[in-house]
Amino acid sequence: MTPMDMLLSRASTDHLKAPAPSEAQIAEVLAAAMRAPDHGKLRPWRYVIVKDDARSMLAERIVASMVRLDPDVPEFKKEKRFNRFSTMPMTLALGMHLRPEHKIPLWEQEMTVAAGAMNILNALHALGFGAVWVSGDVVNDPVLAEELGFPAPHKLAGFLFIGTPDAPLPTPKRPDPAQFTATWHGLPVSFAADGKTP
């Protein structure tokens, strides 16, 4: 598989089984994250690896966060979220170590974290692993963020569920890039994806 074939064949999946990446493999994957663009060299990436018995502990914290945010959350939603977080081979919490006072805007710091996460997803795929990036309302819970090591102003950017795909990766139909691309010649452009003729 060529590098371009690898990139074009990546797809998210939460149909995952053991094994998760080894310690050496996840270190290599996280090294790829550090290659993301980072204006100002602020290095806002922070990663918390959750595996083995800690998965159930995290699942309990997730459910507690759900109740904190919505005391009337239905039981079936709590059970579903608990099961997902407690059974994934590995979970990677994506932290954003933010510096609101810095001249680099917060949105750029957050985009650096997102770019790092995409590098992680691609690196996992290159090594034969599968993953999916999940978020949900709990990502905005400052108590949960602090429990994971991200006290305000730092935040959560979500979680990556990681493991070995238990079936062939889906091949979702992707849009034609031409629908989202235009060449600028000095006047505002339009895009076919917006229902306009470029």
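**Reading a predicted model**

Trainee: Is threonine 112 buried or exposed?
Mentor: In this predicted model, threonine 112 has a relative accessible area of 5%. A residue is called buried when that value is under 20%, and therefore the word that applies to threonine 112 is buried.

Trainee: Where does glutamine 109 lie, and which residue has its backbone nitrogen 2.8 Å from a polar atom of its side chain?
Mentor: Glutamine 109 lies in helix H5, and glutamine 109 counts as buried because its relative accessibility is 1%, where the limit is under 20%. Beyond four places in sequence, glutamine 109 is in contact with Leu42, Pro44, His97, Leu98, Arg99, His102 and Ile104. The backbone nitrogen placed 2.8 Å from a polar atom of the glutamine 109 side chain belongs to arginine 99.

Trainee: Which element gives the largest share of the largest nonpolar core?
Mentor: That core has 24 residues, and those touching the most other members are Tyr47, Leu92, Leu94, Ile120, Leu124, Leu160 and Ile162. At least two residues of this core come from each of helix H2 (23–33), strand S2 (45–51), strand S3 (90–96), H5 and strand S5 (155–165). With six residues, the largest share comes from H5.

Trainee: How many residues are in the second, separate core?
Mentor: Tyrosine 47 touches Leu30, Ala33, Met34, Leu92, Ala93, Leu94, Gly116, Ala117 and Ile120, when residues up to four places away in sequence are not counted. The second core is separate and includes Met66, Val132, Leu144 and Phe161, and its number of residues is 21.

Trainee: Which helix gives the most to the lining of the largest pocket?
Mentor: About 150 Å³ of space lies in this pocket, and its lining is made of Met66, Lys77, Lys80, Arg81, Arg84, Phe85, Val134, Ser135 and Gly136. By class, three of these residues are nonpolar, two are polar and four are charged. Five residues of the lining come from residues 75–87, the helix that gives the most, which is H4.

Trainee: What percentage of contacts between residues at least 6 apart in sequence join residues at least 24 apart?
Mentor: The protein chain has six helices and five strands, and along the sequence they follow the pattern α-β-α-β-α-α-β-α-β-α-β. Of the 198 residues in the protein chain, 37% are buried. Among contacts between residues at least 6 apart in sequence, the share that joins residues at least 24 apart is 76%.

Methods
Residues are numbered from 1 along each chain as its sequence is written. This is a predicted model: local features need pLDDT of at least 70, side-chain atom pairs count only at pLDDT 80 or more; totals for chains, interfaces and linings use all residues. Side-chain values use heavy atoms; hydrogens and water are left out. On a 1 Å grid over the protein atoms alone, a cavity is a set of points where a 1.4 Å probe fits but cannot get out, and a pocket is an open set with protein on both sides within 12 Å along at least five of seven lines; lining residues have an atom within 4 Å of a point. Grid points are joined across faces, edges and corners, and a volume is the space filled by probe spheres set on the points. Helices (H or I, at least four residues) and strands (E, at least two) are DSSP runs, numbered from the N terminus. Ala, Val, Leu, Ile, Met, Phe, Trp, Tyr, Cys and Pro count as nonpolar, Asp, Glu, Lys and Arg as charged, and the others, Gly among them, as polar. Buried means under 20% relative accessible area, exposed over 50%, partly exposed in between (1.4 Å probe, protein chains only). A nonpolar core is a set of buried Ala, Val, Leu, Ile, Met, Phe, Trp, Tyr and Cys residues joined through side-chain atoms within 4.5 Å. Contact means heavy atoms within 4.5 Å. A polar contact is a pair of N or O atoms within 3.5 Å; within protein, one must be able to donate a hydrogen and the other to accept it, and residues adjacent in sequence count only if both atoms are side-chain atoms.
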